[in-house]
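The structure comes first, then the notes by topic.

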Amino acid sequence: MTKQEQARLWPLLAYSGPMIAMSIVNLLLIAYVPNFYAAEIGISIATVGAIFMAARAFDAVIDPIIGNWSDRTRGKWGRRKPWIAFGVPAFMVMTWAFFQPPADVGMTYLMVAALLFYVTYAIVIIPYMSWGAEIRRDYEGRTQINSLREAGGILGTILATLLPVLVLPLFVEGDPTLRQILALLALTIIVVLAITVPIALRSAPQGEFEPHPPLGLFAALGLLRKNKPLLRMLVAIFVVWLGGAFHNSTILFYVTEGLGLGRADFLWLILAQYLMALISLPAWNKLANRLGRHRVLVLGAMGYFLAHQGFHFVPQGGFAGAIAVYIMAGFMTPVIWVMPPAIIADTVDYGMLKGGSDDSALYLALYAFVQKMALAIGVGLALTLAGNLGFDPQAPVTPQGVEALRLVTLILPGIIALAGCLLIWNYPITQKRHAIIRKWLARRAGGHQ
């Protein structure tokens, strides 16, 4: 790589740095926090599911509001950096409060802490994701920056799995508790954000956007109704993520209770998955530029759910078999994180062509909205269904409980996601059509590409 190429790459790497911490947050929210409040704090699994569903729904509702406010922000720091700079300190505080509650808290603490946590999370993540959509606006450029950002996310997940395995045994005998894992990783999140956010704010460009009079939320949302590719992709993403939420909300229970493996074993499984994800990411990046992001998204998503069917053949205590399943799933993992935000960013250009405004944050907020609504509904339904079918995390596991976990964790997710993938397969904004859209926008602005 030449010095000139290194100089062009450094701002993109700087932008990607905070995703290391944010991916640790995502992992904890998916795999640990609901389980922690149910199994160790002692709140009933149905109550935990209901509270997380309500908190996620509230978070999803405020995302478009924050996105619209970010789109309307003007100043020498641009539209995104001020939100990140002022939001991160509050997010750090709420990360510790949410992941390390006092031992005797109840459902009121969980509800309040969850709501405040998700507000501060949205203040940071919505402008951050929108910022990436504006740094590079061409098809391959967007694939590159999304790949680099998610590479940072994969590194964060690897860090989140390695640290408990390497550090906690120095202080804890036997299997670590969920509280101990969360304490270590909450501190890691805070430290990584304190290092990477100032670097990103200083080194990454503000990005480009088409100037337009700031629109109110309802006026901006009204324009989006004409954007049929956006609406189609949002519906599809909701369905795919709903299947993913079913799987992710109960996979820890399936591994520990269904297969009889320890929490430390689960960390090694996650590590294997994301090491493979990091290895496979460049190949998916190239394939997306050849086949199209939407086709690659379908292949990766269905491959991910099919890979987990291997658990049907893993015996009790079968750590080697579980590792093999996670490696297969890891090969598919990057697609699920890289492609959707890049595809949504392309619909911003389509919307501008149809007379809309350059509201990247609102578009990404709507993406986050459907993603979080899917997670909220999925977690609530999955935990409730597992409980109703006979699984109780505070009681000894029974054959009926294992079968409940098998249904919710392995079988239903792929069936649900298939419907979303069918919507994505013939998605209309291909690389060729996106290039035409960009040329028309440049011509309308009086420029040339």
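Ala 382 touches Phe 246, Ser 249, Thr 250 and Val 408, where contact means heavy atoms within 4.5 Å and neighbours within four places in sequence are left aside. The model is predicted, so local features need pLDDT of at least 70 and side-chain atom pairs count only at pLDDT 80 or more, while totals for chains, interfaces and linings use all residues. Residues are numbered from 1 along each chain as its sequence is written, and side-chain values use heavy atoms, with hydrogens and water left out.

- Ala 382 lies in helix α14 (residues 360-388); helices here are DSSP runs of H or I with at least four residues, numbered from the N terminus.
- Ala 382 counts as buried because its relative accessibility is 0%; buried means under 20% relative accessible area, exposed over 50% and partly exposed in between, with a 1.4 Å probe and protein chains only.
- Between the C-alpha atoms of Ala 382 and Gly 49 there are 8.3 Å in space, against 333 residues in sequence.
- Asn 68 is placed in helix α4 (residues 45-72) and, at 2% relative accessibility, is buried.
- From Asn 68 to Glu 140, 72 residues apart along the chain, the C-alpha separation is 27 Å.

**Glu 134**

- Helix α6 (residues 107-135) holds Glu 134, which is buried because its relative accessibility is 2%.
- The side chain of Glu 134 makes a polar contact of 2.3 Å with that of Arg 79 and one of 3.4 Å with that of Ser 360. A polar contact is a pair of N or O atoms within 3.5 Å; within protein, one must be able to donate a hydrogen and the other to accept it, and residues adjacent in sequence count only if both atoms are side-chain atoms.
- Beyond its neighbours within four places in sequence, Glu 134 is in contact with residues including Arg 80, Gln 206, Gly 207, Glu 208 and Phe 209.

**Nonpolar core**

- The largest nonpolar core has 150 residues; such a core is a set of buried Ala, Val, Leu, Ile, Met, Phe, Trp, Tyr and Cys residues joined through side-chain atoms within 4.5 Å.
- Tyr 32, Tyr 37, Phe 98, Phe 99, Phe 117 and Phe 311 touch the most other members of this core.
- Contacts of Tyr 32, leaving aside neighbours within four places in sequence, are Leu 27, Leu 178, Ile 181, Leu 182, Leu 252, Phe 266 and Leu 267.

Conventions
Helices (H or I, at least four residues) and strands (E, at least two) are DSSP runs, numbered from the N terminus.
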